Amino acid sequence: MTVPAQMDNIKAEAITIEERSPFQVVMMRFVKHRLAMVSMVVMIVIFLITILAPYITSYEVDELNVNNYFLPFGSVDQDTGRVHYFGTDNIGRDYFSRLIYAGRISLTVALLSVLISETIGILVGAVSGFYGGWIDSVLMRFVEFMLTIPTLPLLLIISSMLLRNENLIPIPEAVLKSVGSIMLLGPKDARNAILIVIVLAGFGWLSSAQLMRGTILSLREQTFVEASRSLGATDVWIIFKHMIPNAMAPIIVDASLGLAGFVVAEAALAFLGFGIQDPIPTWGNMLSATQQYMFDKPWLPLVPGLPIFICSLAFNYIGDGLRDALDPRLKL
Amino acid sequence: MTAYLIRRVLQSILVVFISAVASYVLLSFAPGGPLSGLRQIQQQGRFKITEEDIARIRASFELDLNLPVRFSRWLIGVPRGPLTIGGKEYFGDVVVGCRKPIEAEITNSRGVQEIIVVGCKEEVLLKDIVGRRTSRGILFGDFGLSWRLLRDRPVSDLIESRIPKTLQLIGLETLLSLIIGIPLGIYSAVKQYSRFDYVFTTLAFMGSAMPSFFFGLLFILIFSILPKGAGLPYIPAGLSESVRNYTIPWIGDVIAGSAKDRTLHLMLPVAVLTILNIAGWSRFIRASMLDVLRQDYVRTARAKGLSQNVVIMKHALRNALIPFITIVVFTIPGLFGGAIITESIFAWPGMGRLYILALGDYDYPVAMALFFILSVLTVIATLLRDILYTIADPRIRLH
């Protein structure tokens, strides 16, 4: 009588190999990519620091310490006893505080740009790939047209125009206020930052639209789409319920690489003098403002340069890790 | 194929035209421009500037003409006056612009004082612009006159003086990047997940994570400023040749403007651009090579006993040619446009630097000329790329 019972046990063991959801599988693979994990931790720390900016820093962003220019690291303010951890810059502002606030603004700009450009890219790509025909032709010809124009020169023309004439694009007060509160900026300064986001996202969505379209084209022929349609699903349902979720893998990778690109692009615009303008700190414009001191006080440009480098590197690694984790062809 | 080519060329012309219109309109709406200084002088009241003076200055920059008229004169050099057929003039009374606009100061919704044009006191008619200085049109190779950088000198002079420097810089850099970057990418794909691949991938990521301006500044610091301060041999940075003779320890005296001097100045910007390019290009090559190596026909080639070298060089590489073509083809606009950021850092007197100077100084004829040439070259490169694709990979059909 004991034999069948044993058999039952064996069967039960054979069946109960731990079942994992797709999410768990992806997470397990991602954790195995050691550099991506390290990057993830680094980015979480950086995000935490910038979120807690007002509590960590002891100076206002534009608080001038008159006559105390170029103070060295760790010097103490005589009157108030506050410490300039990273010294002061060329006009006596606390460098540490500016760096932290700048991180908040630079990262928000990058995140918003990615969010907007991926959203537009997903929608345009999905519609274009799903419907095909003349809609596809018109949308893709437009994307190709935008891609054939030399980007950086056009980017410079547009941002110079927007920065010199800020009212050109009306931005609702509510958006200004909410973005301003994330970046800890007044509405007027927030407008400047949002314009840069618009410029960056305006060019950023092109490649993700192409990516999305390619993925959708292959998904469209799958049987589950046919099945869904035979059940009477509407186009909108199929696009949002089946297409977009299934095409998310390349988009997520694209987004994390895009973050790296936007952090650098914002800095490059600032370096050329067409980015977010000075009293508002960003890593890019801190770097460009202090690059003239590279030769006698090299830490001034190095301090904002380093986080740009670290963030961009980290986002690249995270993207690489995600690509490996999300690729169904790779088996562990 | 022929039908496809004809259609593509027509499309390309349309693309160039639309982008020219768009950027021309954008630039002409950008505030500032050559008149911004005038307004300040007027407000300070240092000089007496009459309305007539302003009208004359506006006319000299063609700012008194309507935008479409200005654009058409810039593009193809017409209209230059009334249409003359058989000794009779037509359309002479058509209004093409405004000589003396009526301006009003208003306070906009955000409480900022603005000057806007509300009307026109004196109009410009087509017959008034006869005999005015005009370019023959950018399509016919006349880029017009510079507004600021070289006041009233042809834009083509500016371009001619700078293009050799950019060709030198970008040409050398592209050559080096191709020679080094492509083998690196292939090797790193063939030896995927080897130690070499890991190290190389990390270096390539670092290269692409480093903003080029930061990288350039670091190079100047490490190779120029620090060794110079320490009395070691250093590489001069900034400009394309030095103004005065100088001495570098160990290397000796360098005469300003000599071949040695120019070579030394070329080293840093070329190094920066090359390293950054290798970082990007070789990743690109690696990715497409990896993709090809996973294909069935590569496995078949291996299975029938071909050596690793033959498989890679004959079977895989040809199929991984596509990204290579993309890279090579798009160096064409790069050769003309230069490297905007790197040239700015090293004060390299090339085209990229010229573009930034033109935009910053409101020298719009220069900026537009560069943008126009650049977009023509980019479109040609795209067309060339698509044609080369079909040659490299007959499976790709153009239709």
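Me: Let's begin with chain B. What is its mean pLDDT, and what share of its residues reach 70 or more?

Reply: The mean pLDDT of chain B is 79, and 92% of the residues in chain B reach 70 or more. Keep in mind that this is a predicted model.

Me: Which elements of chain B have the lowest and the highest mean pLDDT?

Reply: Helix α2 (residues 36–44) of chain B has the lowest, at 66. The highest belongs to helix α5 (residues 155–190) of chain B, with 87.

Me: And how does chain A do: what are its mean pLDDT and the share of residues at 70 or more?

Reply: For chain A the mean is 81, with 91% of residues at 70 or more. Go element by element and you'll find the lowest mean pLDDT, 57, in helix α1 (residues 2–15) of chain A, while helix α5 (residues 95–131) of chain A has the highest, 91.

Me: What scores does the predictor give the complex?

Reply: The complex gets an ipTM of 0.71 and a pTM of 0.78 from the predictor.

Me: Now the two chains together. How many residues of each are in contact?

Reply: You'd look for residues on one chain that meet residues on the other. Here, 38 residues of chain B are in contact with 35 residues of chain A. On the chain B side, the elements giving two or more residues include α1 (2–29), α6 (195–209), α7 (212–229) and α15 (364–392) of chain B. By class, that side of chain B has 26 nonpolar, 11 polar and 1 charged residues.

Me: How is chain B divided into domains?

Reply: Domain 1 of chain B covers 41–143, and domain 2 of chain B covers 157–392.

Me: At roughly what angle do α12(A) and α13(A) cross?

Reply: Helix α12 (residues 248–271) of chain A and α13(A) cross at roughly 35°, and their axes come within 7 Å. This crossing is right-handed. Phe271(A) of α12(A) and Trp283(A) of α13(A) are among the residues in the contact. The class count for α12(A) with α13(A) is 6 nonpolar, 3 polar and 1 charged.

Me: One more pair: how do the axes of α9(A) and α12(A) cross?

Reply: Helix α9 (residues 187–220) of chain A and α12(A) have axes that come within 11 Å and cross at roughly 155°. That angle makes α9(A) roughly antiparallel to α12(A). The crossing of α9(A) past α12(A) is right-handed. Residues that meet here include Leu200(A) and Gly204(A) in α9(A), and Gly258(A) and Phe262(A) in α12(A). By class, the contact of α9(A) with α12(A) has 9 nonpolar, 4 polar and 2 charged residues.

Definitions and conventions:
Residues numbered from 1 in each chain as written. Chains lettered and ligands numbered in written order. Predicted model: local features only at pLDDT ≥ 70, side-chain atom pairs only at ≥ 80, totals over all residues. Contact = placed C-beta atoms within 7 Å. Helix = DSSP H or I, 4+ residues; strand = E, 2+ residues; numbered from the N terminus. Nonpolar A, V, L, I, M, F, W, Y, C, P; charged D, E, K, R; others polar. pLDDT = per-residue confidence, 0-100. Domains from an automatic or database assignment. Axes fitted to C-alpha atoms, helices over the stretch in contact; angles between N-to-C directions. Left-handed = near helix turned anticlockwise from the far one by under 90°. Parallel < 35°, antiparallel > 145°, perpendicular 65-115°, else oblique.
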